[in-house]
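Reader: I'd like to walk through this one feature by feature. Could you give me the general idea each time, then the case at hand?

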Amino acid sequence: MGTRRLRIGSVVAAILLATAACTDDGGGQTAPSAAPSLPAVSTEDKLVFGMGEPRVLDPALAADAESLRITRQVLETLVRPEPGGARTGPGLAERFGVDATGTVWTFRLKQGVTFHDGTPLDAAAVCVNFQRWYHFSGPLQAGDLSAYWQTIFGGFAKNRSSRLPASLFKSCAARDPGTVEITLTRPSSRFPAAFALPSFAISSPAALQKYAADRVVGGGYPAYGGNPVGTGPYRFVSWDRGAGLVKLEAFDGYHGGKAKVKQLHFQVVEAAVRRQALLDGKIDGYDLVAPADREELADLGYHVVPRPAFNTLYLGINQAGNPALAKPEVRQAIAYAVNRQRLLTEAFPAGAKLALNFHPDTLPGWNPDVAAYAHDPARAKELLAAAGYGSGLRLRFHYPQGVTRNYLPSPKQIFDLIAADLRAVGIEVAGSELPWTPEYLHAVTRGRDHDLHLFGAVGNYGEAYDFLGTLFAQRSDEFGFTDTALFDQLKQVESTGEPEARVPQYRQLNARLLELLPALPLVHGPDVLVFDKNLAGVVPSPLTDEDFAAAIFT
């Protein structure tokens, strides 16, 4: 999930920041052992995917990418991202829409869908799930156990902490067996896209009861966390925690396209040895492929495929850190000075894109007509002179140490390239390299002791507000700027319930942000998957929503 930029409670933010890093660079995940101890793969009826360690297989309690990678194959959501994209389309609901107030969402369910335990999916089953999440109590309200509910819906029916906000969720009603109505307390831009988050996948009510899904055992998870039952193309078989192996098998009663590979295994493999495990035939694929390995694996005939980038690297500009940066001419000069095309070419792998907006072009509201700031050192010098800094300017530039992200594959190289561009127009740069956590994160998100910095936003779901609002909906110490009109625009779009009505608002916001330049968008950086030479069919998803049921050995 990347370094998620979420304006949520500090505990929930810490959980998501820690777990989301798994999707960028492995997040320091460890595994039981090295690849040679893994069993051999049978490529006739079994697909083995190498990954980091999952935490829990009840998606409502999961915030880490590895757990949710598995649950996506077992459980399904009312709506889901389109294959290979981020726009929201049908899932368990074949039709959906919102009323004129923007608060009542109606879902018409597919007919004939059953859970893996043989019980039917109907509107009542959907409401059991939403009411369950809304009525989480006690330890289930902790940020590490209900992170995504708190991120999207806020609080619960009865908040145990005064720090939790009132819930955005109001009710769920079964109008008939095939029709669900979910009512919100106010319109919100989060929907319908947030309904596609895997944490809101629908579980069998019978299984929730059988495995006491809300009874926390000791300091761990409820029993249902190791026994998920959904409607997906694969059903859960077993989880050998000691061996780091989760086994799924194709569900013969699946309502959609049947899985082509009967057995799907997720094997924990240490990131450093996944490449060798693939070469040795111990696994059939993995993601987060190291840049140094991509060309070699492709040359050997493996399928190396980039995920569409769903992040934005930006150059943060702190207007409170230096009075010069409060002048728009100086920020514009910086934008003209930075050669973003060279950054893209020299510091990023194939599949990366130049960032014109603060969110990828896969989202509605992306605006191609914003100020582009093509590399123009002469124009940068003119603007600096007009602002009173023709004789030079000195800025502090922070960049992280000991970390890589899809949007930041080589922090030092990217810093060096940008610093050289700035020096070429008369801006002296004092670099400050800090360990990612806690030093760097504290330095660039608190106080005034930074001028420029490298950071990124990673989307959680297919809505532009998840990028724009998270970054710029209110004043922050990261950017140190206040623009009441912009904040009001963002508040207005966030409270617009009709998705189509939000699109022109996003276009206007993107144009305005590139005029104000609280930061400069740089590049959208891709993640990369690799699959066995004989494995095809898996479509990379920007939201890691790959459908393994489409996999086929050729």
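Author: Two strands pair if DSSP finds at least two bridges between them; strands (E, at least two residues) and helices (H or I, at least four) are DSSP runs, numbered from the N terminus. Here, His 398 stands opposite His 453 in E17. Two bridges join E15 to strand E17 (residues 452-458), and they run parallel.
Keep in mind that this is a predicted model: local features need pLDDT of at least 70, side-chain atom pairs count only at pLDDT 80 or more, and totals for chains, interfaces and linings use all residues. Residues are numbered from 1 along each chain as its sequence is written, and side-chain values use heavy atoms, with hydrogens and water left out.

Reader: In which sense do E15 and E16 pair, and over how many bridges?

Author: Strand E15 (residues 393-401) pairs with strand E16 (residues 427-435) in the parallel sense, over nine bridges. One place to look is Phe 397, whose bridge partner in E16 is Gly 431.

Reader: What handedness does the β-α-β unit of E15, H12 and E16 have?

Author: A crossover is right-handed if, with the strands pointing away from the viewer, the path from the first strand over the helix to the second runs clockwise. The unit made by E15, helix H12 (residues 411-424) and E16 is right-handed.

Reader: How do I read aromatic pairs?

Author: A pair of aromatic rings is described by the distance of the centres and the angle of the planes. Rings of Phe, Tyr and Trp (its six-membered ring) pair if their centres lie within 6.5 Å; planes under 30 degrees apart count as stacked, over 60 as edge-to-face and the rest as tilted. By this rule the count is 34 aromatic pairs. Take Phe 153 and Phe 191: their ring centres are 5.4 Å apart and their planes at 35 degrees, so the pair is tilted. Phe 153 sits in helix H5 (residues 147-153) and Phe 191 in the loop between strand E7 (179-184) and helix H6 (205-210), so the pair ties together parts 38 residues apart in sequence.

Reader: Are Phe 153 and Phe 191 buried or exposed?

Author: Buried means under 20% relative accessible area, exposed over 50%, partly exposed in between (1.4 Å probe, protein chains only). Both Phe 153 and Phe 191 are buried. Compare Trp 436 and Tyr 440, a stacked pair with 5.8 Å centre to centre and 20 degrees between the planes. Trp 436 and Tyr 440 are also buried.
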